[in-house]
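Visitor: I would like to learn how to read a model of this kind, feature by feature. Please start once the structure is on the screen.

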Amino acid sequence: MKYQLRINQVAIQEYNKQMNCNLDLKDAAFIAVFVSLIDSGKVKKDGEYYVLKYTLLINEPLLGLKTKQSVVKRYNKLIAAKVLHPKIESTGGNSMQYFKIPNIQGLKYYNSSTDFTGNSCCHQPALPSTSVAKTDNQR
């Protein structure tokens, strides 16, 4: 279970505008957990694609996903929004779904001036400099 998630709300809003979609806070949390699991090595990587087991997401209480079907519904929403790119491989009656995250660096929210797709945006004004008055003890 993840105890802390970093979600850039401005980036989600910008992505929604750019891609004409409607990602919400649960989608953002889902993405944050997915990226965190990738960074921690808990998901299998196959080239540019990742295999994410449903159980890893079902165990995240914030996401509120209790069943495989609820995870699939969230996957499908992120696929429709072009956040995830799926690949399905079938072997001997079993199928495995892989996901590519083309803009993973933008999803990590390392830079507050980078949008969800990794492009420069979301310009935040610089904070005004403030002077701190010295007290008698500091003089």
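Visitor: How many helices and strands are there in the chain?

Guide: Helices (H or I, at least four residues) and strands (E, at least two) are DSSP runs, numbered from the N terminus. Here the chain has 5 helices and 4 strands, and along the sequence they follow the pattern α-α-β-β-α-α-β-β-α. This is a predicted model, in which local features need pLDDT of at least 70 and side-chain atom pairs count only at pLDDT 80 or more, while totals for chains, interfaces and linings use all residues. Residues are numbered from 1 along each chain as its sequence is written, and side-chain values use heavy atoms, with hydrogens and water left out.

Visitor: In what order do the strands of the sheet lie?

Guide: Two strands pair if DSSP finds at least two bridges between them. On that basis the 4 strands form an open sheet, ordered β1-β2-β4-β3 with antiparallel pairing. The edges are β1 (44–46) and β3 (85–91); each has a single partner strand, so one side of each lacks a neighbour in the sheet. From one strand to the next, the twist averages 35 degrees, where axes are lines fitted to C-alpha atoms (for helices over the stretch in contact) and angles run from 0 to 180 degrees between N-to-C directions.

Visitor: Over how many bridges do β3 and β4 pair?

Guide: β3 and β4 pair in the antiparallel sense over 7 bridges. Among the facing residues, Lys87 has Tyr98 of β4 as its bridge partner, and Thr91 stands opposite Asn94 in β4. The two strands make a hairpin with 2 residues between them, and Gly92 in the turn has a positive phi of about 55 degrees. β4 (residues 94–100) also pairs with β2 (residues 49–51), again antiparallel, over 2 bridges. There, Tyr49 is the bridge partner of Lys100 in β4.

Visitor: Which residues of α4 are buried?

Guide: Buried means under 20% relative accessible area, exposed over 50%, and partly exposed in between (1.4 Å probe, protein chains only). In α4, the buried residues are Val71, Arg74, Tyr75 and Leu78. Seen down the axis, they fall within an arc of 105 degrees, so they line one face of the helix; the arc is that of the directions from the helix axis to the C-beta atoms. The general idea is that an α-helix has 3.6 residues a turn, so residues three or four places apart point the same way. Gln69, Lys73 and Ala80 are exposed on the other side of α4. With contact meaning heavy atoms within 4.5 Å, the buried residues of α4 pack against α2 (25–40), α3 (54–58) and β4. After the helix comes Lys82, with a positive phi near 65 degrees.

Visitor: What span should α4 have, and how far apart are its end C-alpha atoms?

Guide: The expected span of a helix is 1.5 Å times one less than its number of residues. For the 13 residues of α4 (residues 68–80) that gives 18 Å, and the end C-alpha atoms are 18 Å apart, which agrees.

Visitor: Is α2 mostly covered or mostly open?

Guide: α2 is mostly covered, with 12 of its 16 residues buried. Among them are Asp27, Phe30, Phe34 and Ser36. In α1, Ala11, Ile12, Tyr15 and Asn16 are buried. These cover an arc of only 140 degrees around the axis, which puts them on the same side of α1. The buried residues of α1 pack against α2.

Visitor: Which residues touch the most other members of the largest nonpolar core?

Guide: A nonpolar core is a set of buried Ala, Val, Leu, Ile, Met, Phe, Trp, Tyr and Cys residues joined through side-chain atoms within 4.5 Å. The largest one has 26 residues, of which Phe30, Phe34, Leu57 and Tyr75 touch the most other members. α1 (9–19), α2 and α4 each supply at least two residues of this core, and α2 gives the most, with 9 residues. Leaving aside neighbours within four places in sequence, Tyr75 is in contact with Phe30, Leu52, Tyr54, Leu57, Leu84 and Phe99.
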